[in-house]
Amino acid sequence: MPPVGIWIDGLIQSCTYMTMAFGMVLVFSILGILNWAHGQFYMLGAFVFYYAVTAAGIPFPVSLLISGVLVGGLGILVEKFIIERVNIPSAQGALYVTVATIALIFFFEGAASMIFGMQDKGLAMVLPGVLDLGSFSVSYQKIAVVIFTLVIMITMYIVLNHTKVGLAIRAAAQEPDAASLHGINVERLSLLVMGIGCALAAMAGSIMAPVFIINPFIGGIPMIMSLLAIVIGGLGSLTGAIVGGLILGFLNSVVAYHLSYFSEVVLFVLVIIILLVRPQGLFGASRK
Amino acid sequence: MPTWVRRSYKRMLELINIWVYYDKIAAVRDLSLSVDKGDFVTILGANGAGKSSTLNAISGIVKAKKGKRHSKTEGHFKGEIYFKGEKLNGLTAAKIASRGIIQVPEGRKLFPLLTVRENLQVGAYLQKDKIQMQRSLEKALVVFPDLKDRLRAKARELSGGQQQMVAIARGLMAQPEMLLLDEPSLGLSPVLRQHLAERIKEISQEGTTVVLVEQNARLGLMLASYGYVVENGKVALEGKTSDLLNNEDVKRAYLGV
Ligand SMILES: Nc1ncnc2c1ncn2[C@@H]1O[C@H](COP(=O)(O)OP(=O)(O)O)[C@@H](O)[C@H]1O
Ligand SMILES: [Mg+2]
């Protein structure tokens with residue numbers, strides 16, 4: 001049995017993957033696309049947060065919101081001026097979106113390197129101190145990660161299930177034509193949902209910033225892990241994204257504790273085993 | 001002419017020389033029809049005649065130019081469509097709905113994972129406030145009282161007949177001026193079909209203008225007052241339903257007499 005610290009680190013990773021995966025699935029359910037640059041929105045969110053806290057001295061929770069709003073806005077621009085244009089209604093549409101969003105990975109990483117520099121930055125001083133629980137201790141930063149993730153996920157739950165726009169999002173995800181026949185502007189909803197998805201990635205990046213380092217290339221791993229979380233959970237299921245994210249965070253942390261090398265390979269093998277048992281993922285609808 | 005002067009109109013809905021294309025194949029060819037306020041009009045025709053394509057052009061599911069990605073049907077149409085004297089061409093489906101035309105699509109297209117109540121709430125998406133929403137809900141449940149006990153059920157858990165009722169009730173939630181019904185009787189037993197026909201008659205009598213598309217010609221002709229018979233994307237015949245019921249060609253081709 002790994003020590004408590006490993007499980008706590010697993011939980012911290014779960015928080016990231018959950019939030020990232022949730023945003024990706026939300027975007028997929030309405031726009032029908034996978035945004036391969038989702039991890040770079042995570043990275044940009046971390047940078048916005050870093051400068052809001054260090055350069056502007058804005059309090060931690062407000063900086064988190066600023067990061068979400070700015071990077072969410074960027075996501076809306078990307079949807080409006082790039083994705084919407086290349087996503088033509090034919091089989092090639094999905095391919096063009098893939099190419100365009102992969103290009104965005106390099107664009108955002110390059111732009112971030114130019115603007116922010118490539119050296120690592122840290123935010124360790126934001127929330128110093130540890131909570132001593134006798135046999136083990138947890139840093140306040142890690143507690144903050146869990147609390148903020150919970151707040152974000154509960155907010156998303158309320159928005160989706162108890163607001164008019166949430167109802168519109170769920171309706172448009174299930175039957176876009178019927179939704180538009182009742183007055184829902186699905187195109188505008190797509191912009192909003194892309195904004196929310198990117199804001200979630202940015203907030204995940206912001207929440208993790210004090211725990212990890214920040215540089216232009218931190219987006220790749222969380223993106224791959226969230227993608228795996230989605231595959232485990234079942235593409236298209238929001239519950240699946242959350243559960244998949246939870247599983248993957250713990251799995252990653254525990255496997256890495258036992259194996260210093262090839263831990264990712266073991267991770268992929270475990271994911272493949274899950275898929276062999278349940279090809280549609282844990283919460284995916286089985287194909288008719 | 002000042003811009004605020006609307007084109008004067010006699011007809012509530014007018015389709016003028018409509019062509020609907022899927023890629024380059026024309027499914028509707030030069031079709032014209034009109035509907036007066038308060039009318040009950042039926043569009044009859046065999047499977048594939050172009051009835052749904054016509055309705056989809058009115059509601060904006062088939063766009064005036066080449067379609068964007070959100071519609072699964074990628075058709076587009078040429079010609080002109082006027083509703084209360086205003087051109088609908090180029091408006092999004094959502095905009096057209098807000099003008100007062102609500103389509104109940106073929107195959108119901110319910111939101112399967114939403115509850116019946118939520119389905120109806122989406123129907124009331126264009127309503128200003130909760131009070132109006134509540135009033136629409138009460139009205140819809142007067143027409144379809146069977147749904148009262150099923151409000152918490154997920155739409156996909158209902159029987160076919162109940163699903164069709166939800167689809168029409170969802171359409172009524174917007175309190176539309178014009179209701180477009182695409183084959184509501186499809187797949188229903190004769191008893192249910194009769195029940196549904198009575199409800200549709202009620203809706204028309206309450207003052208809603210109804211356009212009913214039917215493959216079941218007898219049903220359409222019994223309910224409506226005016227009918228269009230569509231063959232290969234064209235209007236082959238039109239007239240009062242009382243005349244169409246006695247027309248020899250209609251009898252032979254559509255009523256199996
Ligand atoms: N989305 C579509 N893509 C391609 N062809 C279509 C599409 N929808 C309908 N069609 C074709 O257009 C013609 C008319 O179809 P439709 O309007 O659905 O007829 P109806 O409702 O009278 O049965 C048919 O030949 C059908 O195959
Ligand atoms: Mg049809």
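**Entry 1: A:Val265**

I started with A:Val265, which counts as partly exposed because its relative accessible area is 46%. My cut-offs, using a 1.4 Å probe and protein chains only: buried is under 20% relative accessible area, exposed is over 50%, and partly exposed is in between. I found A:Val265 in helix 11 (residues 263–277) of chain A. For helices I use DSSP runs of H or I with at least four residues, for strands runs of E with at least two, numbered from the N terminus. I also checked A:Val265 against A:Leu189: they are 76 residues apart in sequence and 38 Å apart in space, C-alpha to C-alpha.

**Ground rules**

This is a predicted model, where local features need pLDDT of at least 70, side-chain atom pairs count only at pLDDT 80 or more, and totals for chains, interfaces and linings use all residues. Residues are numbered from 1 along each chain as its sequence is written, chains are lettered from A and ligands numbered from 1 in the order in which they are written, and side-chain values use heavy atoms, with hydrogens and water left out.

**Entry 2: where B meets A**

I counted 31 residues of chain B in contact with 26 residues of chain A; contact means heavy atoms within 4.5 Å. Together the two chains bury about 2,600 Å², with 60% of it on carbon and sulfur atoms. Buried area here is the accessible area (1.4 Å probe) that two parts lose on being put together, summed over both.

How many salt bridges cross the interface of chain B and chain A? I get one. The rule wants a side-chain nitrogen of Lys or Arg within 4 Å of a carboxyl oxygen of Asp or Glu.

On the chain B side that touches chain A, helix 2 (93–98), strand 6, helix 3 and helix 5 (160–172) each supply at least two residues. Helix 3 gives the most, with four residues. I sorted the residues on this side into 14 nonpolar, ten polar and seven charged. My sorting rule: Ala, Val, Leu, Ile, Met, Phe, Trp, Tyr, Cys and Pro are nonpolar, Asp, Glu, Lys and Arg are charged, and the others, Gly among them, are polar.

**Entry 3: salt bridges**

Searching the whole structure, I get nine salt bridges over all chains. One of them joins B:Glu118 and A:Arg170 by their side chains, at 3.1 Å from N to O. This pair crosses between chains, with B:Glu118 in helix 3 (residues 116–123) of chain B and A:Arg170 in helix 6 (residues 164–174) of chain A. Are these two buried or exposed? B:Glu118 and A:Arg170 are both buried.

Next I looked at B:Arg11 and B:Asp36, a salt bridge whose closest N and O atoms are 3.1 Å apart. B:Arg11 sits in the segment before strand 1 (13–22) of chain B and B:Asp36 in the loop between strand 2 (25–35) and strand 3 (40–44), so the pair ties together parts 25 residues apart in sequence. B:Arg11 is partly exposed at 34%, and B:Asp36 is partly exposed at 27%.

My last pair was B:Arg252 with B:Asp249, at 3.6 Å, N to O. They sit in helix 9 (residues 248–255) of chain B, three residues apart, about one turn of the helix. B:Arg252 counts as exposed because its relative accessible area is 57%, while B:Asp249 at 47% is partly exposed.
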